[in-house]
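Take a moment with the structure below. Then follow the text from the whole chain down to single residues.

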Amino acid sequence: MPQTTSSTVLQRIFEALVFLCGLSFQAIAQEIQPLVDVLCFAAENADSNARVDVWTIVPYAALSFRPADTAGFRASYTLSVVIHDSLRAIPRTHRYVRRVAAPSYAVAQGATAGFDYVQTVEHLPPGTYTITVTVTDNATEQTYSSARRYTVPDYRLPEVALSSIVLASSVESRSDRPVVTPFFADNLTQLEDPPFAILEAYAKVPQSKLTVTAELLTPAAKPLASLYRRELDSLRQGRTFLVLPLSLPKELPSGTQLLRVRVERDGIPLAQSERSVSFLWTFWGRALGDLDQAIRQLRYVATQEQMDSVARAPTLSEKRRRFESFWRALDPTPETLRNEAFEQYYDRIAQANRLFRSYTEGWLTDRGMVYVIFGPPLRREQFQSDGRQYERWTYTDREFLFVDYTGFEDYRLLTPLPPNAKYRYRGS
């Protein structure tokens, strides 16, 4: 395990080098929005407050670009970072107005995964804080807001302590200091190679016979996999820069998990640091948080036999392969990187969930079923008859009638579906 002890702390390595070698960032196609990461380190001065870095990453695809007066395209956004402590003292507020330039329309639309970033630095005493980050597109006034509670530890108390965990896509060894490419996203499936966990260890006095471990746990702290383990003969007084190459197993459940790094002696934890990570499998640029749910949602496009074949795959990797193979056969443009049928189908699932949720998920309702199979109607009409509420959907070649028997917008389909009605891609 590479380790160095130097007055050059982790955050300085990032400031000096990260944007020279580039960030590993990929936006998830169905939800392109800013990313926020909060990192905490012990301050240089042992008697000072901890240093808290709030990183805000804004992908170009989340902004509205307009043609510039000269050439290229321009966008601007306003960023607000507000930090409240638990005692409700006067908040610490940072406000930025950022202007972004893109040389071409393709770059402005995110073709190169371009992004802008802002690093906000505060020195905070130990305690619990609420950090609210708001990004407003100045052209459309569309706003993204994220709030999280964050506990700043007291690095002065324990004999051994750990900083926040930083994920990195690559680490290059140099004679003077490593070059780190941090990965400011939680979805580790976006990385082609196994990631690194990078952090600082702080020791009041020299330590010996230690073990450094990294493991993956469920949100309920149930162990999933051991990712790293190394015996550490000694830990010098002060700061030690730790680089942990993580060994991810091939079979991991989709969703958000917990990454925990510990320093132990004889099995007794001396210090630990945790952060969330996610495994969202990506198909044609779209991330699926729950593959099993995506398979169940095939009911309006696949036969039961096809669904069973995918769901009963013997391994998770085989399940992903069969799922991708099913949609590859329906791809209207197999020569491109997009699969328009896949995109349209799951866009309709998402829209049905937003529009028609009642006693169950929207895609499972009768209106959701018709919406997914046939798309949005040309016209929707609501009317009352015999004390009941009706809704009529009109398409170019057919019409569907729904009735709400209960008065709670639980509309049931009265019009029989055409025989073997299934989703078919017919263009956007």
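**From the whole to the parts**

In helix α7, Arg367, Gly368, Met369, Val370, Tyr371, Val372, Ile373 and Phe374 are buried. Buried means under 20% relative accessible area, exposed means over 50%, and partly exposed lies in between, with a 1.4 Å probe and protein chains only. Helices (H or I, at least four residues) and strands (E, at least two) are DSSP runs, numbered from the N terminus. What does the covering? The cover over its buried residues includes α6 (340-356), β21 (379-385), β22 (388-394), β23 (399-404) and β24 (411-413). After α7 comes Gly375, with a positive phi near 85 degrees.

A word on the source. This is a predicted model, where local features need pLDDT of at least 70 and side-chain atom pairs count only at pLDDT 80 or more, while totals for chains, interfaces and linings use all residues. Residues are numbered from 1 along each chain as its sequence is written, and side-chain values use heavy atoms, with hydrogens and water left out.

Now step back to the whole protein. Its secondary structure comes to 7 helices and 24 strands. The C-alpha atoms fill a box of roughly 80 × 55 × 45 Å, taken along the principal axes. Of the 428 residues, 47% count as buried. Contact means heavy atoms within 4.5 Å. Among contacts with a separation of 6 or more, 63% come from residues 24 or more positions apart. The protein exposes about 22100 Å², and carbon and sulfur atoms supply 48% of that area. Accessible areas come from the Shrake-Rupley method with a 1.4 Å probe; for residues, only the protein chains shown count as cover.

Charges come next. There are 49 positive and 48 negative side chains, and the centres of the two sets lie 1 Å apart. Lys and Arg count as positive, Asp and Glu as negative; His and the chain ends are not counted. Each charge is placed at NZ of Lys, CZ of Arg, CG of Asp or CD of Glu.

Helix α5 (residues 316-328) has 13 residues, which at 1.5 Å a residue should span 18 Å; its end C-alpha atoms are 18 Å apart, in agreement. The expected span is 1.5 Å times one less than the number of residues. The buried residues of α5 are Leu316, Glu318, Lys319, Arg320, Phe323, Phe326 and Trp327. They pack against β19 (281-283), β20 (286-288), α3 (291-296), α4 (304-311) and α6. The 17 residues of α6 should span 24 Å, and its end C-alpha atoms are 24 Å apart, which agrees. Buried residues in α6 include Phe342, Tyr345, Tyr346, Ile349 and Phe356.

The structure holds 24 aromatic pairs. One of them joins Phe326 and Trp327 edge-to-face, at 5.5 Å centre to centre and 85 degrees between the planes. Rings of Phe, Tyr and Trp (its six-membered ring) pair if their centres lie within 6.5 Å; planes under 30 degrees apart count as stacked, over 60 as edge-to-face and the rest as tilted. Phe326 is buried at 13% relative accessible area. Trp327 is buried too, at 0%. Ring pairs link Phe283, Trp284, Phe323, Phe326, Trp327, Phe342, Tyr345, Tyr346 and Tyr423 into a cluster.

Thr213 sits in β14 (residues 207-217) and is buried, with a relative accessible area of 10%. Beyond residues up to four places away in sequence, Thr213 touches Tyr228, Arg229, Arg260, Val261, Arg262 and Glu264. Arg260 lies in β17 (residues 255-265) and is buried at 12%. Leaving aside neighbours within four places, the contacts of Arg260 include Thr213, Ala214, Gln272 and Glu274.

Last, the backbone in two loops. Most residues other than glycine have a negative phi. Glu141 has a positive phi of about 65 degrees although it is not a glycine. Glu141 is in the loop between β8 (127-137) and β9 (143-152), and is exposed at 65% relative accessibility. Asp386 has a positive phi of about 55 degrees and is not a glycine. Asp386 lies in the loop between β21 and β22. Is Asp386 buried or exposed? Asp386 is exposed, with a relative accessible area of 73%.
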